[in-house]
Amino acid sequence: MTNLLFPTDFSITSASALNWARLFAHKTGATITLLHVNQPMIPDSTLPTMGEPGLGLLAAQEVEQISQQRLKQLQADLKLEGLSVRTEWRIGIVDDEILDVAKEILADLIVMGRSDLSTFFDRLAGSAATDVADEAICPVLIVPIPPEGEPVRPAQVRTIAYAMQSQTTQSTVSEQTDSLIKAFDAHLSVLTDDQLDNAHTDLIVMQLYPQSGFLDNLLHPNHTARLIEKSTVPVLVYHK
């Protein structure tokens, strides 16, 4: 692994995932690219006075400056740990910019936190993590935030559970887990969907298979989205 992309909005969602980005970078020697995507604010409706910008523009500029400063500070903190780190600051739609940067830097892995999907409206709005997992051409590690009131779980890979599907072959399992087992000296279990519900593991690995249309979606629901929504441990998604 050479390039690891870590998108951050500096929230608790990305804070949980940062520990996993650190862990993979330390284990593999990969360079971390820290990415912050600034979404444009709603246009200012206040009328500027002669020679002065509107209040909305000033607020937007301040938000941009703060996010750039925080990105530089995070880079400095990680460099003190001996990690190789660079930064990217973009303006645009979050998932689109993540995918664009991943292609530009030839990312080997994207590490993302996912927002809470515990309510109907959360699931309806979705998460940038699920969109990126569906579209990225490199593996995506999605790290859930801990339930409210519970501490952040340590980033460790002692046990790996592979989510076996009907299309998955043993060679696919080996290709996607051998390097992980070697890097982390981890134990692997190959499990079916019903076994995953009761699995006590540090990491779940699975293959994302493309779906061809409405009937395929109906007969074979998106296993990735379901796992991401309910999993309390990180899910590493590979693409066919």
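This is a predicted model: local features need pLDDT of at least 70, side-chain atom pairs count only at pLDDT 80 or more; totals for chains, interfaces and linings use all residues.
Which residues in H3 meet which residues in H5?

**View 1. Helix H3 meets helix H5.** On the H3 side, the residues are Val94, Asp95, Ile98 and Leu99, and their partners in H5 are Ala128, Asp131, Val132 and Glu135. Sorted by type, the residues of this contact comprise 5 nonpolar and 3 charged, with no polar ones.

**View 2. How the axes of H3 and H5 cross.** Here you can follow H3 through residues 94-104 and H5 through residues 128-135. Their axes come within 9 Å and cross at roughly 40 degrees. That angle makes H3 oblique to H5. The crossing of the two helices is right-handed.

**View 3. The buried residues of H3.** Look for Asp95, Glu97, Ile98, Leu99, Val101 and Ala102, which are the buried residues of this helix.

**View 4. A closer look at Glu97 in helix H3.** Is Glu97 buried or exposed? Glu97 counts as buried because its relative accessibility is 14%, below the 20% cut-off. Leaving aside residues up to four places away in sequence, Glu97 touches Leu35, Val37, Arg90, Ile91 and Gly92.

Note on methods:
Residues are numbered from 1 along each chain as its sequence is written. Side-chain values use heavy atoms; hydrogens and water are left out. Axes are lines fitted to C-alpha atoms, for helices over the stretch in contact, and angles run from 0 to 180 degrees between N-to-C directions. Helices (H or I, at least four residues) and strands (E, at least two) are DSSP runs, numbered from the N terminus. Angles under 35 degrees count as roughly parallel, over 145 as roughly antiparallel, 65 to 115 as roughly perpendicular and the rest as oblique. A crossing is left-handed if the near helix is turned anticlockwise from the far one by less than a right angle, and right-handed if clockwise. Contact means heavy atoms within 4.5 Å. Ala, Val, Leu, Ile, Met, Phe, Trp, Tyr, Cys and Pro count as nonpolar, Asp, Glu, Lys and Arg as charged, and the others, Gly among them, as polar. Buried means under 20% relative accessible area, exposed over 50%, partly exposed in between (1.4 Å probe, protein chains only).
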